[in-house]
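The sequence and model come first, followed by the findings.

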Amino acid sequence: MEIAAETQKKTGVFARGWDCLKSTKGRVVQFAKNAKKQGQDDPRKIIHSLKVGLALTLVSLFYYFRPLYDSFGVSGMWAVLTVVVVFEFTVGATLSKSINRGFATMLAGALGVGAQQLASLFGEEGEPVVLGIVVFLLAAASTFSRFSPRIKARYDYGVLIFILTFSLVAVSGYRVNQIMELAHQRLSTILVGGATCIIISIFLCPVWAGEDLHNMIVHNMEKLSSFFEGFGGEYFMKPIDGESIVDSKDNKSFLQGYRSALNSKSNEESLANFAAWEPCHGRFGFRHPWKQYLKIGALTRQCAYHIEAISSYLNSETQVSVEFRTRIQESCTTISSESGKALKALASAIKTMKDPSSADAYVENAKAAVKDLEIALNAASLDETDLLDIIPDATVASILIEIVKCVEKVSESVHELSGLAHFKGVEPTVTPEKSQLLHRGTIKPIPDREGDATDVAITVEASSVSPENDKGKQGEIHVNMY
């Protein structure tokens, strides 16, 4: 019995071990699949990992080569720590951290040495007291400055490094005699580590925060455009009795794309902050108006919130009034379609950095459709209609009116961006030399009292689309008919 029990116990342990091994194998396989998918979705992440490895290998030479180690000693480790801390995914983020760390280290080192020299004037008994007071005052003031929104956004990391470096230099100077040499070694290695990160980040497959922000704004506007262009048909093609149409999710994926714009605020603000640190690159010059992108992004999110409200009526099974829906269907469909076309034209203008005037016609068409919708709503008779039956469609119409106002604000902001960023002008499709004339005419018979002949007055109106000839010309041609 004892042998059998022991054998069964060993078998149980072996089975649990085998199950654990299979479970571990499954997790490793799943991790590999996730890593592969992540690399395929954005190959830049793989390149960034290789860049960090290269930077760490280069700064490790402080330990590998004896001449460098003899010059910097243990302080060479600060170069390694600097690379690990400041090397970020985008060029702007790397520059922000590197510059903040470099200037904070220099300023804090200088103040730390000065504080140590000042404290030494008070003798051995007064030196620690003075150092403690100076450290307390500067640390408290620096920490309080971090609550400032401007400093929090751009210099928070630098203030943090300033507090750390100043405290280390000032306090260590009390026990270390060669304080200047220590400060020089640490500052040199930190600058070398930061410079290594900056050079590799800029010149080896750079990832620009400004370009990512630019593409994010365009992508969000295109998603909203796709929703608006499909909403009219999707909503008004729905059966009136409330029954739903069975359709695949792939065919309606455009109705969910707007969600990417709802939670993009933090990413946009972070990218705009880092883009301000970046030098000129590609199509983006010095002092590019990145803040204007934030304004456009905020208005785009406002449109997305309206979409979030209006999309809830797509799957609604509430009974509606057929007469009321028929009355507003054309105007609502036009508003949705023209708003989508306007956003698509604005997104294309930002993407290509060309004048966004092509979107003006769509905005005007949407505003004209709003006026038609208001007329239809005012003319609607509610005497023989149940109020509950028209609430869903009336709510949709009201939200669409607000959406047109939002799209108009987006258009104005894109025009402002066009002026600030000096977008390229679009060549007119009709040149002044080859203006196209549009003729309209009316024929009015004029009886001739003196004879049997009849004069026919043909009024011809000619209008030109040439920018040099905005007003049409009108004339009359008299033809005698017998």
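## Nonpolar surface patch

Tyr63, Tyr64, Phe65, Val74, Met77 and Leu81 form a nonpolar surface patch of about 620 Å². Patch members have over 30% relative accessible area and no salt bridge, and nonpolar side chains (Val, Leu, Ile, Met, Phe, Trp, Tyr) are joined within 5 Å. A salt bridge here is a side-chain nitrogen of Lys or Arg within 4 Å of a carboxyl oxygen of Asp or Glu. Areas are from the Shrake-Rupley method with a 1.4 Å probe, and for residues only the protein chains shown count as cover.

At least two patch residues come from each of α3 (61-64) and α5 (77-86); helices are DSSP runs of H or I with at least four residues, strands are runs of E with at least two, and both are numbered from the N terminus. Tyrosine 64 is located in α3 and counts as exposed because its relative accessibility is 61% (exposed is over 50%, buried under 20%, partly exposed in between).

## Basis of the model

The model is predicted: local features need pLDDT of at least 70, side-chain atom pairs count only at pLDDT 80 or more, and totals for chains, interfaces and linings use all residues. Residues are numbered from 1 along each chain as its sequence is written, and side-chain values use heavy atoms, leaving out hydrogens and water.

## Nonpolar cores

The largest nonpolar core has 62 residues, of which Met221, Leu224, Phe227 and Ile350 touch the most other members. Elements giving two or more residues to this core are α11 (209-236), α12 (265-275), α13, α14 (322-352), α15 (360-379) and α16 (387-421). The most comes from α16, with 14 residues. A core is a set of buried Ala, Val, Leu, Ile, Met, Phe, Trp, Tyr and Cys residues joined through side-chain atoms within 4.5 Å.

Another core, of 25 residues, lies apart from this one and includes Val83, Val130, Ile163 and Ala170.

Glutamine 292 is in helix α13 (residues 290-311) and counts as buried because its relative accessibility is 10%. Beyond residues up to four places away in sequence, glutamine 292 touches Ser413, Glu416, Leu417 and Leu420 (contact: heavy atoms within 4.5 Å).

In α7, the buried residues are Gly126, Glu127, Val130, Leu131, Val134, Val135 and Ser142. These buried residues of α7 pack against α6 (91-120) and α9 (156-172).

## Whole chain

The protein chain has 16 helices and three strands. Of its 482 residues, 38% count as buried.

How values were computed: Patch = residues over 30% accessible without salt bridge, like charges linked within 9 Å, V, L, I, M, F, W, Y side chains within 5 Å. Buried < 20%, exposed > 50% of the residue type's maximum accessible area, 1.4 Å probe, protein only.
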